[in-house]
Amino acid sequence: MLRRSLLIVSAAALTLAACGRGGEAGADPDSPLLVGATAVPHAEILEHIKPALAAESVEIEIKVFNDYVQPNTQLAERRLDANYFQTKPYLDEFNASRGTELVTVAGVHVEPLGAYSRRFRSLAELPDGADVAVPNDASSIGRSLILLQDAGLIRLKDPTNPLQSLRDIAENPKNLRFRELESATLPRVLGQVDMAVINTNYALDAGLNPARDALTMEGGDSPYVNYLVARPDNRDDPRIAALAEALRGEAVKAFIAEKYAGAVIPAT
């Protein structure tokens, strides 16, 4: 009876251990690579390369997010193997504020940031005291303010600092009134403000055409490249290397050029 009890306990322990290993994304090197992404364009690009990767015996599963926090949180917690949605300034700020150590693997594309309005057709029409919504995360608001400075709407104390805040505005001749909002909500409030600065992935997801609808946009030389990101312990995983190579390949560059018509630009 004692021996039978010990066998039952041992079997239960083995089962729990197996469950613990399976709880980590990619714990089995033969399992699919679980990649977090925002819907447009990241998940679309990943879907495009799935067949080519499968032909190399690399299976990927795509988990779509509608925010910027959870893809990094779940990657740090080993619930994802990699993610693809963010710029390096955003990643650096996230690591510094959350105590994580996520790392870039490969730069894939640039999404030029744009300012949009449903009320006005040009920046010149913006009235004095206009309400302007901007993303509320540190890297995106800095990028937004640099865009507005380049458009001649404001002047910043240090235009080279990528982590600007509203306190860094030195001159605001139109007395623009800024509202800091979650990036994902900006397309939904576009009709409630005079202008909103919107990340291109959310603009595309909302049916906006940056080349046609943006009042002003970053140029193609924007330094805000979107990266494939992993952890220090798995950045050299051969499956992640294969994914990075595919994302940087000519087939993806051609897909981006055809599908997004300048709203998304392959990284050099």
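The residues that line the largest cavity divide into five nonpolar, eight polar and three charged; here Ala, Val, Leu, Ile, Met, Phe, Trp, Tyr, Cys and Pro count as nonpolar, Asp, Glu, Lys and Arg as charged, and the others, Gly among them, as polar. The model is a predicted one, in which local features need pLDDT of at least 70 and side-chain atom pairs count only at pLDDT 80 or more, while totals for chains, interfaces and linings use all residues. Residues are numbered from 1 along each chain as its sequence is written, and side-chain values use heavy atoms, with hydrogens and water left out.

A search of the whole structure turns up one cavity of 30 Å³ or more, and the volume of the largest cavity is about 170 Å³. A cavity is a set of points on a 1 Å grid over the protein atoms alone where a 1.4 Å probe fits but cannot get out, and lining residues have an atom within 4 Å of a point. Grid points are joined across faces, edges and corners, and a volume is the space filled by probe spheres set on the points. Of the 16 lining residues, Tyr-68, Thr-87, Ser-140, Arg-143 and Asn-199 lie nearest the centre of the largest cavity. Two or more lining residues come from each of strand E3, helix H5 (138–150) and helix H6 (200–205); helices (H or I, at least four residues) and strands (E, at least two) are DSSP runs, numbered from the N terminus.

Turning to the sheet, six strands form an open arrangement in the order E2-E1-E3-E12-E4-E13, with mixed pairing; two strands pair if DSSP finds at least two bridges between them. At the edges, strand E2 (60–65) and strand E13 (265–266) each pair on one side only. Strand E1 (residues 33–38) runs parallel to E2, joined by six bridges, and Val-35 has Ile-62 in E2 as its bridge partner.

Gln-86 stands opposite Tyr-227 in E12, and His-109 has Asn-226 in E12 as its bridge partner.

A cis peptide bond, with omega about -5 degrees, joins Val-40 and Pro-41, and Pro-41 lies in helix H2 (residues 39–55).

Methods: 1 Å grid on protein atoms, 1.4 Å probe; cavity = no way out; pocket = protein on both sides within 12 Å on 5 of 7 lines; lining within 4 Å.
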